[in-house]
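Visitor: Could you walk me through the pockets of this protein?

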Amino acid sequence: MEPGKRETWRTTMLLAYQSLGVVYGDLSISPLYVYKSTFADDITHTDSNDEILGVLSFVFWTLTLIPLLKYVSIVLRADDNGEGGTFALYSLICRHANVSLLPNRQLADQDLSTYSLERPPEEVADGSRVRRWLEGHRSLKTALLVMVMIGTCMVIGDGVLTPVISVFSAVSGLELSLSKHQHEYAVTPITCAIIVFLFALQHYGTHRVGFLFAPIILAWLICMSALGVYNIIYWNPQVYMALNPVYMFKFLKKTKKSGWMSLGGILLCMTGSEAMFADLGHFSYSAIQLAFTSLVYPALILGYMGQAAYLTKHHDFDSSYQIGYYISVPGTYCLLF
């Protein structure tokens with residue numbers, strides 16, 4: 001989208017559809033491994049189900065506060081001339097305060113840019129205390145640039161690691177139809193082949209990749225929502241009680257140190273949320289907001305609630321893989337996933 005150009009509702013719908021295949025791939029697949037990672041330690045399940053409902057409460061409020069409230073409602077509005085990402089925020093700060101250590105204030109840069117680096121005289125005279133503080137200390141400018149570099153490196157690292165986790169978790173569904181010996185020699189090679197294929201497609205551009213993977217993610221979100229509704233109705237319609245944040249305190253009180261250690265697994269539920277802001281330049285604020293609020297967020301909540309509803313009625317876990325997502329798929333349909 002060109003900055004300043006008003007998009008039509010058809011363009012917004014098209015961009016929202018494309019964003020499913022580019023922005024929400026990792027975030028949509030997170031239900032495959034969140035519960036499995038969280039309950040991997042020595043957390044026992046009691047008849048009160050406080051452990052399972054506590055994890056669901058953590059997941060619900062994490063998705064609500066970070067992706068929905070923080071990114072969709074706040075961070076996406078802090079775009080830099082239509083662009084998002086860590087360096088976009090840094091560039092935005094540098095145009096409102098003289099804190100840049102990069103040569104972005106040369107005349108050639110201003111001529112090529114679609115915005116002006118100059119500030120109004122009254123803004124300079126009435127500068128905020130924080131801005132004057134940053135402008136007066138070179139060490140703070142250096143620290144700001146280092147933070148930007150670290151943030152960018154973390155996003156790159158996340159972009160390398162999370163596809164591997166997502167694809168491996170998706171392929172691990174084969175373990176329900178294979179023996180342990182077959183699983184050892186089948187899942188890893190298949191995962192590697194899919195990863196190579198996915199990265200080989202990147203050079204075709206966001207437009208083609210979005211159209212290619214959007215129907216796959218759309219079908220996955222619809223199936224996950226339907227399965228979540230089924231499990232809620234069939235296994236435990238009262239699972240909605242976990243939306244009460246009191247269950248988070250009950251979970252920590254019962255599990256103690258093991259509960260604190262398991263919070264790292266719960267954190268995986270928002271894996272890929274940063275892509276909403278990092279990929280803002282490829283799409284638009286309204287498109288990303290529409291896709292997340294109308295489809296991705298409700299589907300994720302239903303998916304997590306449905307899996308939790310199933311787990312509340314099945315406490316006899318013989319191995320860690322049995323708390324994966326696919327075990328909650330009813331009957332022989334698990335083989336289709």
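Here is a short chat about its pockets and what lines them.

Guide: Welcome! This is a predicted model, where local features need pLDDT of at least 70, side-chain atom pairs count only at pLDDT 80 or more, and totals for chains, interfaces and linings use all residues. Residues are numbered from 1 along each chain as its sequence is written, and side-chain values use heavy atoms, with hydrogens and water left out.

Visitor: How much space lies in the largest pocket?
Guide: A pocket is an open set of points on a 1 Å grid over the protein atoms alone, where a 1.4 Å probe fits, with protein on both sides within 12 Å along at least five of seven lines; lining residues have an atom within 4 Å of a point. Points are joined across faces, edges and corners, and the volume is the space filled by probe spheres set on them. For the largest pocket that gives about 1,300 Å³.

Visitor: Which residues are the closest to its centre?
Guide: The largest pocket is lined by 39 residues. Closest to its centre are Gly21, Gly25, Asp26, Pro163 and Leu198.

Visitor: Which helix gives the most to the lining of the largest pocket?
Guide: Helices here are DSSP runs (H or I, at least four residues), numbered from the N terminus. Those supplying at least two lining residues include α1 (9-22), α10 (180-200) and α9 (138-171). The top contributor, with 11 residues, is α9.

Visitor: And which gives the most to the lining of the second largest pocket?
Guide: That pocket holds about 920 Å³ of space. Its lining has 33 residues, with Gly151 and Glu274 among the closest to the centre. With 11 residues, the largest share comes from α9.
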